[in-house]
Amino acid sequence: MKRPFISFLVISSLLLGSRIIATPGSAAPSVSQDAVGFAEISINKSDPGVAWMTGAWLGAPRSNSLKSIYRKYPLNRTVVGIYPSAGASLPFVVVAQSGKNLAGEVEKKEILSIMRHEVAQGQYNRSNYRGYDLYTGTRSNNKGSFGFFIKGNELALGTDANALRKVADASAGTVAPMSAQADYRDLRSRIPAGSDLVFFFANQQNQFANTLRKQERKWKLSLLLSSGDLAGMMGGFNFVDGDKITGSIVFKAKNPKAIRDIQDDANFMGEAIRRKFSHAHITYKKQVTVQGNYVTLSFEMKGLKPLFKDLFTEGVSSLLK
Amino acid sequence: MANLLKNKTLKYTLLGIGVLLVSILIIILLWWFGYTPPVNFEKLALETPVVQAQIPSGTNSPLRGVLIGITEEKMLSSMGSGLKRKVAQIGLRLAFPVMTHAYVFEFPGEETPVYLYAIDFGRGIKLVRFGQDKINSRLFGNESPEETQVQGYTLMQRKEQLTVKGFKDINAGAWIGSGLLLCSDPAYLRKVLEQYPEAAEAGSSKPASDAIQIHIDNQTGYMEKLIRYYEQKFAFELFASIDQVSAVDINLAPVNGDTLKGDFAFKTQNPLQEDDPMVSDVDFFYGVLRRTLRPQGIEMSGETVKDAEAVKLQVELTGFRTALSQIEKLTAEDNQ
């Protein structure tokens, strides 16, 4: 099985492994409407699943800037936004929200000192955008660019300065956020309430399908045959405890004639997840249902603890090996 | 004109030229239609192959046009559009293979299988032979191959053998009758030539059908080993019931130059249960195949059906022309 496909299957796990945090019901107002999609996760410390995972993530030996920031200023919500691009790589932004103000002189200085490790020689260029100090720099070994800015209790970081500016625009209210879209609101009502992790891909203007196709050409594998016929797609996952996840992924059809293809995709995706995880001795149950223009893949996975431990310890490669 | 014809010398000269032209034409026709023993495919497999494939591309096959088109695209693209290209085009069409067979043999204790290919050019061999040296140097590189005589055939083999990593590693070849044999293992090709019948006894290479046929034998666990290797490598359950599959027969008949229709039959010796896991495995295989072919521009539609002895995936593939171009492109990329 091709690696990109497997990586797609475990996207939600990756998002968690990529340090994403949020509160149930939050509407990710920071990601502007021209993004391809976003995911948000809450850390509700009273939720046993999320609490276990946060502990496992913090306890894992791998270090990164966000983990260092979390230790100083516990985060309660993180949103990851993915933006379209003409090139092969996809610019992304992470907006991490803390319960504390991050924009004070001391906090800013501390965050800047942590962030110095992200770029070559710790060198950032500082510019001003919408009243925020936007720091941009180049990663070591030509690994692309990196930037961040702080706004109140939020830290926005990412791989593309333009995407960061769009986040600032959405935060300032000059650009509508993705969460204002009708499809987002519609699909949000169709996933289980209180989901710990929610992701949404918008496709009214084929932004998701075009982005996916570009990747598919590179991978020489089509992940979703029906991507062009989708209006949007949303997933909601609940981390019941460290070992069990329940959730559903809802596909909304733009073209009702494509329901069969969408159902085929949902079935295939469910089957591929089952096959990936049955090999790792994880129990997986799934069900695909169709209701009007909506196809829903509901699932339950058990026995995930070893997988998450590997993920937090060894990183994404542990899932792809 | 009448006066000119009255000139006896001229009259006989013209008559002589006419006779000469007709004679040349007759000689060409006799040469072209003269008998050349076709490749006797039945005599090539000394053991039961684990994979056997036949690709017909004779004059009646819709595949021929597509395959010629792609070869033209690859070989003649640098020639522009002049007379040279036109002549090359005609030559290619006349010399294009009518049938190709491929075999994979496995031997106990051997890590790599033996790959054997037989290409039958039909009458086109007469033209192909003109470019034989060029073909040999394309196959074996600039260093001319070592040649030995075996039963009247010339066995060519690389002076420095390639380590066989896959189906493209050719180490030996031989021209027989109307065809060319290529093999990864010179010793195996020698054995084939030693038992190959005299030219006059050679059989017919006329295909039983226009369909592409592939037979993969799993009695000795050839496919199971491959699948389990990839399952281990990717930590993924690809085809859990592969140990129940005794053979896979693929039969794809061209409907036209762009569409193939046929089936993949996964045969088993055990009776299939109502909700046999093999059905789910074949369904998943179909899903993977559809999704792998889509980025190449090929649309696959089909369904899985089950009978007493096999799970069959009945399919229709469109965009076949694009598919072959893609294969050419991928091969070219691989070679770079």
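## A pair across the chains

A:Asp261 counts as partly exposed at 25% relative accessibility, while B:Arg290, at 12%, counts as buried. (Buried means under 20% relative accessible area, exposed over 50%, partly exposed in between, with a 1.4 Å probe and protein chains only.) These two form a salt bridge, with their closest N and O atoms 3.7 Å apart. The cut-off here is a side-chain nitrogen of Lys or Arg within 4 Å of a carboxyl oxygen of Asp or Glu.

Keep in mind that this is a predicted model: local features need pLDDT of at least 70, side-chain atom pairs count only at pLDDT 80 or more, and totals for chains, interfaces and linings use all residues. Residues are numbered from 1 along each chain as its sequence is written, chains are lettered from A and ligands numbered from 1 in the order written, and side-chain values use heavy atoms, leaving out hydrogens and water.

(Helices, H or I with at least four residues, and strands, E with at least two, are DSSP runs numbered from the N terminus.) B:Glu237 is buried at 14% relative accessibility; A:Arg274 is partly exposed at 23%.

Within chain B, B:Glu299 and B:Arg294 form a salt bridge whose closest N and O atoms are 2.6 Å apart. Shared partners link A:Glu271, A:Arg274, A:Arg275, A:Lys286, B:Glu237 and B:Asp281 into one salt-bridge network.

## The interface overall

Seven salt bridges cross between chain A and chain B. On the chain A side, α1 (3-9) and α9 (259-279) each supply at least two of the residues touching chain B. α9(A) gives the most, with 11 residues.

In total, 21 residues of chain A are in contact (heavy atoms within 4.5 Å) with 21 residues of chain B. The chains bury about 2100 Å² between them, 57% of it on carbon and sulfur atoms; that area is the accessible area (1.4 Å probe) the two parts lose on being put together, summed over both.

## Helix α8 of chain A

Helix α8 of chain A covers residues 207-219 and reaches 18 Å from first C-alpha to last. Its buried residues include A:Phe208 and A:Leu212, and what covers the buried residues includes β8 (197-202) and β9 (230-241) of chain A. After the helix comes A:Lys220, with a positive phi near 60°.

Key. The expected span of a helix is 1.5 Å times one less than its number of residues.
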